[in-house]
Amino acid sequence: MDLVLPQRPSVLRAYFSSGTWPFWAFHLIIVGGIAHYGWSGKWFLTMLALYFARMTVVTAGYHRYFSHRSFKTSRWFQFLLALGAQSSAQKGVLWWASQHRRHHKHSDTPQDVHSAHLRGFWYAHIGWILGPDCDDTDLSRVSDLARYPELRVLNHPAVRLLPAAAFAGVCYAVGGMPGLLWGFFGSTVLLWHGTFTINSLSHMYGSRRYETSDNSRNNWLLALITTGEGWHNNHHHFQSSARQGIRWWEVDTTYYFLRVLSALGLIWDLRAHPDEARSHRRAATA
């Protein structure tokens, strides 16, 4: 049964509860590390490159595949997508998909897991994920995914952070402490906040092409930051489309990445947005 989430005073207290210290520690490590080692333009660019690469995996894996099944793939590549997405340290693959499906079912209602429209920016951005009510995974929402034992293992609380820890180890092995600081901690914090802007800002600022029942909006800047996720009103209009930027000028680099994977035969049956499909039919009959 869906529970109505606590009101803002409880959420504010949850921001700094004992269970949130890893979240804040990541931010402090970056500040302390830069103060100790100094600024580095090279490592800053490395952090940005890793951020966009990891954001693409999160949006392609966690969002468009696991949450919305907007394309098909093999079981082994499905597992690789889960591993890559889970290196973002955003809990487990089944947890992520379950929470996101709940959001779409109850978008901008009291049962929405992160409604900026009803609870404000900070709640939608970080308050919901720091609160104790968001730790459990509702497997009934992801029964199509929970039938794979390897995904259930990845989602287990004792295993969830292992992909992120492995990525941290690679960053340290390649770049030493600067690699760990900028490559792992820096890109991870950017990835958290970049992902969370879709929960918060994309329901507050932008334009609305479609009259959906929620407050979703299209925002070109958020689309650039999140490799295509900022075309959020398009997405809420037709959730299972692999393409969210449906006009030629709506940059959606995650979709371009999916087209490459499709050309390589790693994924197939990319689902089209209805407006895109209609335009293709008109062009074919012209």
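The protein chain exposes about 13500 Å², and carbon and sulfur atoms supply 66% of that area. Accessible areas here come from the Shrake-Rupley method with a 1.4 Å probe, and for residues only the protein chains shown count as cover. This is a predicted model, in which local features need pLDDT of at least 70 and side-chain atom pairs count only at pLDDT 80 or more, while totals for chains, interfaces and linings use all residues. Residues are numbered from 1 along each chain as its sequence is written, and side-chain values use heavy atoms, with hydrogens and water left out.

First, the overall layout. The protein chain has 14 helices and two strands; these are DSSP runs numbered from the N terminus, with helices being H or I of at least four residues and strands E of at least two. Of the 286 residues in the protein chain, 54% are buried. Buried means under 20% relative accessible area, exposed means over 50%, and partly exposed is in between, with a 1.4 Å probe and protein chains only. A contact means heavy atoms within 4.5 Å. Among contacts between residues at least 6 apart in sequence, 71% join residues at least 24 apart.

Now helix 2. It has 17 residues and reaches 23 Å from its first C-alpha to its last, close to the 24 Å expected at 1.5 Å a residue. The expected span is 1.5 Å times one less than the number of residues. Which residues of helix 2 are buried? They are F23, F26, H27, I30 and G33. Seen down the helix axis, the buried residues fall within an arc of 130°, so they line one face of helix 2; the arc is taken from the directions from the helix axis to the C-beta atoms. On the other side, W21, L28, V31, A35 and H36 are exposed. The cover over the buried residues of helix 2 includes helix 7 (121-130) and helix 10. G38 follows helix 2 and has a positive phi, near 90°.

Next, the aromatic rings. The structure holds 18 aromatic pairs. Rings of Phe, Tyr and Trp (its six-membered ring) pair if their centres lie within 6.5 Å; planes under 30 degrees apart count as stacked, over 60 as edge-to-face, and the rest as tilted. The rings of W39 and W182 have centres 5.4 Å apart and planes at 85°, so this pair is edge-to-face. W39 is in the loop between helix 2 (21-37) and helix 3 (41-67) and W182 is in helix 10 (residues 162-199), so the pair ties together parts that are 143 residues apart in sequence. W39 is exposed, at 58% relative accessibility, whereas W182 is buried, at 4%. Ring pairs also link F23, W24, F26, F167, F184, F185 and W192 into a cluster.

Then the loops. T227 lies between helix 11 (220-225) and helix 12 (232-237), and at 3% relative accessibility it counts as buried. Beyond its neighbours within four places in sequence, T227 is in contact with residues including F52, M55, R64 and D252.

Last, two backbone angles. Most residues other than glycine have a negative phi. A89, in the loop between helix 4 (75-86) and helix 5 (93-105), has a positive phi near 60°. D269, in the loop between strand 2 (267-268) and helix 14 (274-285), has a positive phi near 55°. A89 is buried at 16% relative accessibility; D269 is partly exposed at 45%.
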